[in-house]
Amino acid sequence: MRTIAIIGNSPHTYPDLQIYKNDVDIWIGADRGSIELIRQKIPVDYAIGDFDSTTEEERGIIKDYCNEFEEYPSEKDETDLELALLKAFSLQPQCILLFGVTGGRLDHELVNIQLLYKIVCNNIKGSIIDKNNVLELTMPGTHKISADAYYPTVSFIPYTKVVKGLSLTGFYYPLTKQDITWGSTLCISNKLIGKNGTFSYEEGILLLVKSRDTIQK
């Protein structure tokens with residue numbers, strides 16, 4: 001399975017990228033995200049963006065380090081992250097991981113979460129990962145979930161107005177054929193009781209959030 005990681009420009013949320021190094025085939029730095037890849041000694045396969053958040057010296061460092069450098073004008077229709085995502089789509093991956101795309105401006109964070117929908121609609125598995133959270137957008141069906149000691153809390157948030165027939169098996173708070181709607185807190189802060197569990201639903205789109213309360217250093 002080809003996996004592509006895209007690194008955005010939110011420096012306070014980066015996890016240790018070395019953890020994912022063996023699972024990622026291609027690394028894309030979106031604008032200043034390229035600097036973080038260099039800092040963490042990760043190869044930069046593509047550096048993409050307008051690079052308006054970097055200095056001339058930093059741009060020179062990125063150009064010398066990366067395999068391919070694609071610079072765009074600052075006045076453009078797409079964000080740097082979306083340009084990086086379009087590049088990822090052209091490389092035909094089965095999985096896309098987004099890092100450094102939360103914790104900054106709220107408008108950017110909200111639209112970055114919506115980019116998961118674009119990923120899913122291309123039949124690609126997508127996740128947003130930061131120090132405290134993993135987000136994944138899911139479609140109707142049955143899904144397996146494994147326990148993660150690093151992100152032990154599991155929440156389900158409706159992405160559409162209604163998610164119909166949600167069932168949770170293997171959770172501390174199980175659920176059977178429950179409809180949940182926007183604004184419902186019914187499925188917040190759950191936990192798996194074993195190594196694995198499942199969740200399933202019939203209609204709608206559901207955002208899966210695995211999280212933890214504190215940042216461990």
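A salt bridge here is a side-chain nitrogen of Lys or Arg within 4 Å of a carboxyl oxygen of Asp or Glu. The model is predicted, so local features need pLDDT of at least 70 and side-chain atom pairs count only at pLDDT 80 or more, while totals for chains, interfaces and linings use all residues. Residues are numbered from 1 along each chain as its sequence is written, and side-chain values use heavy atoms, with hydrogens and water left out.

Side chains of opposite charge can pair when their charged atoms come close. The structure has 7 salt bridges, including the one between E36 and R39, whose closest N and O atoms sit 2.7 Å apart. These two residues are 3 apart in helix α1, so about one helical turn separates them. Helices (H or I, at least four residues) and strands (E, at least two) are DSSP runs, numbered from the N terminus. E36 is buried at 8% relative accessibility, whereas R39 is exposed at 55%; buried means under 20% relative accessible area, exposed over 50%, and partly exposed in between (1.4 Å probe, protein chains only).

Another bridge joins R32 and E58, at 2.7 Å from N to O. This pair links distant parts of the chain, 26 residues apart: R32 belongs to the loop between β2 (26-30) and α1 (33-39), and E58 to helix α2 (residues 56-65). R32 is partly exposed at 26%, while E58 is buried at 17%.

Then there is K177 with E202, where the closest N and O atoms are 2.8 Å apart. K177 lies in strand β11 (residues 175-181) and E202 in the loop between β12 (196-201) and β13 (206-211), so the pair ties together parts 25 residues apart in sequence. K177 is exposed at 54%, and E202 is partly exposed at 46%.
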